[in-house]
Amino acid sequence: MGTIAWAGRKIGGALVVLWLVATAIFIAIRLIPGDPAEAIMGGPGSQASAEALAAARAEYALDQPVFTQYLLYLGKLVTLDFGTSYSLKEPVTKVMGEVLPNTLWLSLLALALAWLLALCFAAAASNSGRFGSWLGSLLEIIAAAVPHFWLGAVLIMLFSSALGWFPAVDNGSAQGLVLPVLTLALPLAGFLTQLMRDSLSEALGSQFALAARARGESRLTLFWRHGLRHAALPALNLTGWAFSSLLSGAVVVEAIFARPGLGRSLLSAVLARDIPMVTGIALFSALVYIVVMALAEGLERIINPAGEQR
Amino acid sequence: MSRSAKIFSAIVILLWLVMALAPGLLAPGDPLAINPAQAFQKPGLAHFFGTDESGRDIYTRVIHGAGDSLAIGLAATALGMGLAIVLGTVAALSPRWLDEVILRVLEALYAIPSLLMALLIIAFTGPGVGPAIVAVGLSTAPGYARLVRSQIRSLKNSEMLEATTVLGHSSWLKVRNHLIPNALKPLMALVTLGIGQAVIWAAALSFLGLGTAPPAPEWGAMLSAGRVYLHLAWWMSLFPGLAIVAVAVSATVIGRALGGKVKSL
């Protein structure tokens, strides 16, 4: 399949997925018993004023037939208009734009650190004996099963309360970023190591690795030039999972370290039952997920051009 | 996976079941009894795991918390797995176009990270234990459904089923006698892994203040309460967290031992 046809197929598939997510949310809002306008305003408990309800009815065109509402809703989404957050009284897109860079920084740093750690662990495990691999698999399982909310607490106890190296609250400084990034990166590193280890030791023990060694390449160049490529492929396959883990983790990490970001905005929106804000963030993350998945697949095509093409 | 890890995990799970079914056996005290004079006691002989801000015994609370975590974990997994088995089986056995439609829907649901999906559901239902179970169950279903589908599909195309077709068995007989029993073993592994995950997700929701409310002895809720006193009373966060990790790790180890090849979760 040519690159253009492949890209076209990807974009088409992504649009279908986004449309389905948007439709599911539209139906969910209508499934809430009672007045949809009230639901948008935080449910019966919020005691929204008559004007606010009227504004919501107008904004969501609730006086129109359902199908018209649906089309209007889709039309707004196409222009990235997710409505107005009722708890913050600001457009959802604007609020998201303000906090997004924080979460993006946090996630990218964590992702980079996780890859680095996973490569080191995997390289170490593929070079060591039985004890190394036993320790490796133990570390991996723990890393993969330790929840972010507890890991963050343990790191604060160790590095903030006991040692006093890093602040427990993210104060915007570079030091304040260390513990949140570590909390987010460690479980991901555990998972990535698991994936990389097998393919890495397989690649380093293969005929072509032996041939490279015979040509006089050092172990290090062998690792960088050949091993890495094989280690990276299975990990790239799991990009979608990694992205989910980072975003779910960001909600928890931003809550623990009192750091402003997309996750924390989402959490306060859920507590306030701010439906436009919550659905806006959910749709946005679905969009990012799809873009990230497509990029990962593109990268896979570059790294492994001979690979099976879907 | 080493033998000792499996044995250790089996012991942890057994202990967890005992704690859940008969907490009084291991901790006769009342998990809710307050005693302000004994607030913030360090772990010691009088209080193995220390006490919290109201002087409640953390050890007693951790033991009594097992019941909630088990119940929530089981209920959420049952819901998620049940949905996944129905969707996955229908997709695998139906004609191509319907399979494609179900796959697309699953993919769409999968595009929203699990915790975000759970938060989305709770935004509609409001917080609480019931919503947390529904949220965890529904948010884990799409991932499981895809695994169930591929499992059933590989069975469907196996020679074993071809043989039953040659023998002239009806399709219901095929599903009952061959598909379900053969899909069950990998499913058992998936269920065990799933319970471990569900315990973590449910605790995460309680930690965020959206599941079980604080005075109840639930592990996530205890962590949430301990967060405020992290610098003052580390034991309030350490022990409930250890309980969650022990259960989650053990469930993962046992799930893998059961499943062998069913890895990707």
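## Briefing: chains A and B

Buried residues make up 39% of the 310 residues in chain A. In chain B, 50% of the 265 residues count as buried. The model is predicted. Chain A holds 13 helices and two strands. Chain B has ten helices and zero strands. The two chains touch, with 37 residues from chain B and 39 residues from chain A in the contact.

**Overall build**

- The C-alpha atoms of chain A fill a box of roughly 80 × 60 × 30 Å along the principal axes.
- For chain B, the C-alpha trace spans about 75 × 45 × 25 Å along its principal axes.
- The order of elements in chain B reads α-α-α-α-α-α-α-α-α-α along the sequence.
- Take the contacts in chain A between residues at least 6 apart in sequence: 69% of them join residues at least 24 apart.
- The corresponding share in chain B is 67%, again for contacts between residues at least 6 apart that join residues at least 24 apart.

**Where chain B meets chain A**

- The contact draws 37 residues from chain B and 39 residues from chain A.
- On the chain B side, the elements that give two or more residues are helix H4 (96-110), helix H5 (114-125), helix H8 (171-207), helix H9 (219-227) and helix H10 (235-259).
- The residues on this side of chain B divide into 26 nonpolar, eight polar and three charged.

**Helix H9 of chain B**

- Is H9(B) enclosed or open? Eight of its nine residues are buried, so H9(B) is largely enclosed by the rest of the structure.
- The buried residues are B:Trp219, B:Gly220, B:Ala221, B:Met222, B:Leu223, B:Ser224, B:Ala225 and B:Gly226.
- H9(B) is also among the helices that give two or more residues to the side touching chain A.

**H1 against H3 in chain B**

- Two packed helices are described by the angle between their axes and the distance between the axes.
- Helix H1 (residues 3-21) of chain B packs on helix H3 (residues 58-93) of chain B at an angle of about 95 degrees, and their axes are 7 Å apart.
- That angle makes H1(B) roughly perpendicular to H3(B).
- From H1(B), the residues are B:Trp16, B:Met19 and B:Ala20; they meet B:Ile63, B:Ala66, B:Gly67 and B:Leu70 in H3(B).
- This contact is made of six nonpolar residues, one polar and no charged.

**B:Ile72, a buried residue**

- B:Ile72 also belongs to helix H3 of chain B.
- Why does B:Ile72 count as buried? B:Ile72 has 28 C-beta neighbours inside 10 Å, and the cut-off for a buried residue is 20 or more.
- Leaving out residues up to four places away in sequence, B:Ile72 touches B:Val129, B:Ala132, B:Ile133 and B:Ala202.
- B:Gly137 sits 65 residues from B:Ile72 along the chain, yet their C-alpha atoms are separated by 9.7 Å.

- Helix H6 (residues 129-156) of chain B has 28 residues.
- From first C-alpha to last, H6(B) reaches 39 Å, close to the 40 Å expected at 1.5 Å a residue.
- Where is the kink in H6(B)? It lies at B:Ala141, shortly before the proline B:Pro142, and amounts to about 40 degrees.

**B:Ala163, an exposed residue**

- B:Ala163 is placed in helix H7 (residues 159-166) of chain B.
- B:Ala163 counts as exposed because it has 11 C-beta neighbours inside 10 Å, and the cut-off is 12 or fewer.
- B:Ala163 and B:Leu223 are 60 residues apart in sequence and 55 Å apart in space, C-alpha to C-alpha.
- B:Leu223 is one of the buried residues of H9(B).

**Local features of chain A**

- Helix H9 (residues 207-214) of chain A is hardly covered: among its eight residues, the count of buried ones is zero.
- After H9(A) comes A:Gly216, with a positive phi near 105 degrees.
- A:Ala258 lies in the loop between helix H11 (239-256) and helix H12 (262-271) of chain A.
- Phi of A:Ala258 is also positive, near 50 degrees, in a residue other than glycine.
- Is A:Ala258 buried or partly exposed? With 13 C-beta neighbours inside 10 Å, A:Ala258 counts as partly exposed.

Conventions
Residues numbered from 1 in each chain as written. Chains lettered and ligands numbered in written order. Predicted model: local features only at pLDDT ≥ 70, side-chain atom pairs only at ≥ 80, totals over all residues. Contact = placed C-beta atoms within 7 Å. Helix = DSSP H or I, 4+ residues; strand = E, 2+ residues; numbered from the N terminus. Nonpolar A, V, L, I, M, F, W, Y, C, P; charged D, E, K, R; others polar. Axes fitted to C-alpha atoms, helices over the stretch in contact; angles between N-to-C directions. Parallel < 35°, antiparallel > 145°, perpendicular 65-115°, else oblique. Expected span 1.5 Å × (residues − 1). Bend = angle between axes of the 7 residues up to and from the residue.
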